[in-house]
Amino acid sequence: DFDSQRAVDAANWIKDFIDSGRGLSGNSVPFSERAVRAAFQRLNQCGSGIDGLSKRFLVPILETLIPLATALFNYIYSHGDAVEDWILAVIFSLKKKDNSLTMDNMRGISLLPIFRQWYARLLIPLLETVARRILPDEQQGFRPDGRIYASFLSLHSLFEAARLRKERLYV
């Protein structure tokens with residue numbers, strides 16, 4: 001639970017962060033203002049989430065918002081406090097191309113709060129670095145820019161070789 005005392009502590013930490021200018025350099029903090037701005041630029045323009053906001057609504061106040069968002073994201077990352085409102089999403093069914101109204105012709109869409117999306121965009125480069133380091137070659141499809149085509153072709157050639165030899169292949 002994020003009680004009122006923790007909220008006051010967080011607000012004081014964020015005020016101190018902004019007043020000290022720590023987000024400007026980025027040397028001693030996980031996220032600099034430059035990184036937060038770049039993460040915002042990578043956000044897709046989409047419909048509003050449960051918070052009623054989208055990227056389009058934040059653009060006019062972006063210059064004012066960047067230092068605050070930098071402080072907030074650094075606080076969350078440094079303290080491990082999750083924002084409970086970020087777990088909510090608007091989920092609805094969207095029709096695919098043809099006009100059929102069957103459920104097979106629908107796909108689910110979930111619209112997330114914009115600050116959650118922004119924070120996730122900020123975390124992606126960190127997670128990609130970890131993924132490159134720890135995922136074995138067999139998991140290349142889960143690596144950033146990893147492609148499974150070569151693995152798929154190798155697997156296909158194993159199947160084909162076993163078929164030609166009339167052998168069973170267990171994968």
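## Contacts and overall architecture

Of the contacts between residues at least 6 apart in sequence, 55% join residues at least 24 apart. These values come from a predicted model. The secondary structure amounts to 7 helices and 2 strands, arranged along the sequence in the pattern α-α-α-α-α-β-β-α-α.

## Burial and surface

The protein has 171 residues, of which 25% count as buried. Its exposed surface comes to about 12100 Å², with 57% supplied by carbon and sulfur atoms.

In soluble globular proteins, nonpolar side chains tend to be buried together. Here, the largest nonpolar core comprises 19 residues, and those with the most contacts inside it are Phe31, Val36, Leu58, Phe73, Phe115, Trp118 and Tyr119. At least two residues of this core are supplied by each of H3, helix H5 (62-79) and helix H6 (114-134). Another core, of 6 residues, lies apart from the largest one and includes Ala10, Ile14, Phe17 and Tyr75.

Phe31, one of the residues with the most contacts inside the largest core, is in contact with Val36, Thr70, Phe73, Asn74, Tyr77, Tyr119, Leu122, Leu123 and Leu126, when neighbours within four places in sequence are left aside.

Ser54 lies in the loop between helix H3 (33-42) and helix H4 (55-58). With a relative accessible area of 1%, Ser54 falls under the 20% cut-off and is therefore classed as buried. Not counting residues up to four places away in sequence, Ser54 touches Gln45, Cys46, Gly47, Ser48 and Ile114.

How values were computed
Residues are numbered from 1 along each chain as its sequence is written. This is a predicted model: local features need pLDDT of at least 70, side-chain atom pairs count only at pLDDT 80 or more; totals for chains, interfaces and linings use all residues. Side-chain values use heavy atoms; hydrogens and water are left out. Helices (H or I, at least four residues) and strands (E, at least two) are DSSP runs, numbered from the N terminus. Buried means under 20% relative accessible area, exposed over 50%, partly exposed in between (1.4 Å probe, protein chains only). Contact means heavy atoms within 4.5 Å. A nonpolar core is a set of buried Ala, Val, Leu, Ile, Met, Phe, Trp, Tyr and Cys residues joined through side-chain atoms within 4.5 Å. Accessible areas come from the Shrake-Rupley method with a 1.4 Å probe; for residues, only the protein chains shown count as cover.
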